[in-house]
Amino acid sequence: MSTSRRAFMGVAAGAAGALALSSCGKSGGTAKVNVPTILDKAPDGPELKAGLIGSGGRGTGAAINFLKAGPNLKLAAIGDLFEDRLLGSLDRIKKETGAEVPESARFVGFDAFEKVMATDVDIVILATPPHFRPEHFKAAVAAGKHVFMEKPVAVDPVGIKTVIEAAGQAKTKNLSVVTGTQRRHQKQYLETFARIQAGMIGDIVAGRCYWNMSQLWFRERQESWTDMEWMIRDWVNWTWLSGDHICEQHVHNIDVINWFTGKLPTKAVGFGSRQRRVTGDQYDNFAVDFEYEDGMHMQSFCRQIDGCANNVSEYVVGTKGSAYMSASPKSCTIFNPDGSIAWRFEGEEASPYDQEHVDLVAAIRTSNPINEAKTTAESTMLAIMGRVSAYTGKEVSFKEMMDSDMRLGPTEYQLGAIDMEFPVAVPGTDKS
């Protein structure tokens, strides 16, 4: 296997064990920065076969990322609710990787996930709308499969608790689980985290995070579509399917703050509104004040409205400085108290979407399991907590969410009418 300069530098840093920084430890002395090794490709080994469940854009992309992660990897099965989505996915995968899935391993319908898991695949890629993730993850762990699943991992407290329980079972089975939080696999984030862990900004005392962007996609209803078909094809706009965009998208940024601080907020007060969204029942903006047990606060902002200022980033303030993080190239920066730059990532970067799968395959082949399900479930629960606070106008605690029996969406799945109402939440009146 060829070794790029980036891979060589990563291995060299890992072999050195640490980099020395002067006068940046929490006690003011010299600290060690443990920069993790970033593999260019997963190591070789026996063939690993994956099954894709949910063949939309992200699922198709994840399958391609997996196939590029290292040698001797195969896409062996695929399942989706809709045949046109499945065939479109296979076409793109073949064009980009040359891989094909035999017709006997292509499954369509609500039970497609069960049929994929009944094959001899080693890994399942879970990329359906998030509402279905807890059931699919639980089934994957029961079947003894390693898992790549996209975030968010659920849309409601019942789903979160299902994922946490299954995460524990996956641990006992030595299964590896990677969860689509690609910033945890991105070199500039990893290096920034290592320096903060070494004490470069002191103790973190505040944080804020953003995912403010333009309107996301939507699907106009076709005359032939039933309620269920339309909502699933338009899933990113319906709370029961996506969790709203604070959950479906902004969970990335919330997760980064959780990761960097190493702790979870205990309560939240949020607000939001629906001003320009054209379909579904969701809000198009949220602002949430998360408070921690020690009195620290994290400010959370997300918006999907055209023509507004955009910002996708995280920021933490410490007793000795601050840090700015963004997925934009070479943007992660640590600042001194006076605002001058103490350090900025200037290295080469690989695709974190590819890196997730490199790390998953490497964990499996080296028998060093990784399991991100619980931490991503906790981050998702915080997003749900913020959503519930904004929808109701009330202060909501993490404990209340963990004790809640809230479950969104229908209990039976068929391509027909849905006997439910989906009103837009009105703060001060909504009881959910």
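**Entry 1: Phe301 and its partner**

I started with Phe301, which comes out as partly exposed at 27% relative accessibility. This is a predicted model, so I read each value as computed from it. Which ring pairs with Phe301? I found Tyr210, in a stacked aromatic pair with 5.4 Å from centre to centre and 20° between the planes. The planes count as stacked because the cut-off is under 30 degrees. Is Tyr210 buried or exposed? I noted it as buried, with 17% relative accessibility, because the limit for buried is under 20%.

**Entry 2: other rings**

I asked how many aromatic pairs there are. The count comes to 13 aromatic pairs. I also wrote down one aromatic cluster, formed by Phe110, Phe132 and Tyr413.

Next I looked for charges over rings. Arg233 lies over the face of Phe82, 4.0 Å from the ring centre. I noted Lys263 as well: its charged end sits over the ring of Tyr292, at 5.3 Å from the centre.

For packed helices I write down two things, the angle between the axes and the distance between them.

I took α2 (residues 57-67) with α12 (residues 352-365) to begin with. Their axes come within 8 Å and cross at roughly 55°. That makes α2 oblique to α12. The crossing is right-handed. Which residues make the contact? On the α2 side I listed Arg58, Ala62, Asn65 and Phe66, and on the α12 side Tyr353, Asp354, His357 and Val361.

Then I turned to α2 with helix α3 (residues 83-97). Here the angle is about 30° and the axes are 10 Å apart. The two helices are therefore roughly parallel to each other, because angles under 35 degrees count that way. I noted a right-handed crossing for α2 and α3 too. The contact uses Gly57, Thr60, Gly61, Ala63, Ile64 and Leu67 from α2, and Arg85, Ser89, Arg92, Ile93, Glu96 and Thr97 from α3.

I went along the backbone next. The peptide bond from Lys151 to Pro152 is cis, and its omega is near -15°. Where is Pro152? I placed Pro152 in the loop between β7 (146-149) and α6 (157-172).

I found Asp244 in the loop between α9 (239-242) and α10 (245-248). Asp244 counts as buried, at 0% relative accessibility.

Lys330 also has a positive phi, near 50°, and is a residue other than glycine. Its place is the loop between β14 (321-325) and β15 (333-335). Is Lys330 buried or partly exposed? I put Lys330 down as partly exposed, at 42% relative accessibility.

**Entry 3: helix α11**

I checked helix α11 (residues 251-261) for burial. I found 11 of its 11 residues buried, so α11 is largely enclosed by the rest of the structure. Among them are Val251, His252, Trp259 and Phe260. Just after α11 comes Gly262, which takes a positive phi of about 70°.

I picked Ala170, which lies in helix α6. Ala170 counts as buried at 0% relative accessibility. What does Ala170 contact, leaving aside its neighbours within four places in sequence? I listed Val141, Leu175, Val177 and Asn371. I also looked up the separation of Ala170 and Gly409: they are 239 residues apart in sequence and 26 Å apart in space, C-alpha to C-alpha.

My last stop was Ser389, in helix α13 (residues 373-392). Ser389 is buried, with 0% relative accessibility. Not counting residues up to four places away in sequence, I found Ser389 touching Ala268, Val269 and Gly270, as well as Lys394, Glu395 and Val396.

Notes. Residues are numbered from 1 along each chain as its sequence is written. This is a predicted model: local features need pLDDT of at least 70, side-chain atom pairs count only at pLDDT 80 or more; totals for chains, interfaces and linings use all residues. Side-chain values use heavy atoms; hydrogens and water are left out. Rings of Phe, Tyr and Trp (its six-membered ring) pair if their centres lie within 6.5 Å; planes under 30 degrees apart count as stacked, over 60 as edge-to-face and the rest as tilted. Buried means under 20% relative accessible area, exposed over 50%, partly exposed in between (1.4 Å probe, protein chains only). A charge sits over a ring if NZ of Lys or CZ of Arg is within 6 Å of the ring centre and within 35 degrees of the ring normal. Axes are lines fitted to C-alpha atoms, for helices over the stretch in contact, and angles run from 0 to 180 degrees between N-to-C directions. Helices (H or I, at least four residues) and strands (E, at least two) are DSSP runs, numbered from the N terminus. Angles under 35 degrees count as roughly parallel, over 145 as roughly antiparallel, 65 to 115 as roughly perpendicular and the rest as oblique. A crossing is left-handed if the near helix is turned anticlockwise from the far one by less than a right angle, and right-handed if clockwise. Contact means heavy atoms within 4.5 Å.
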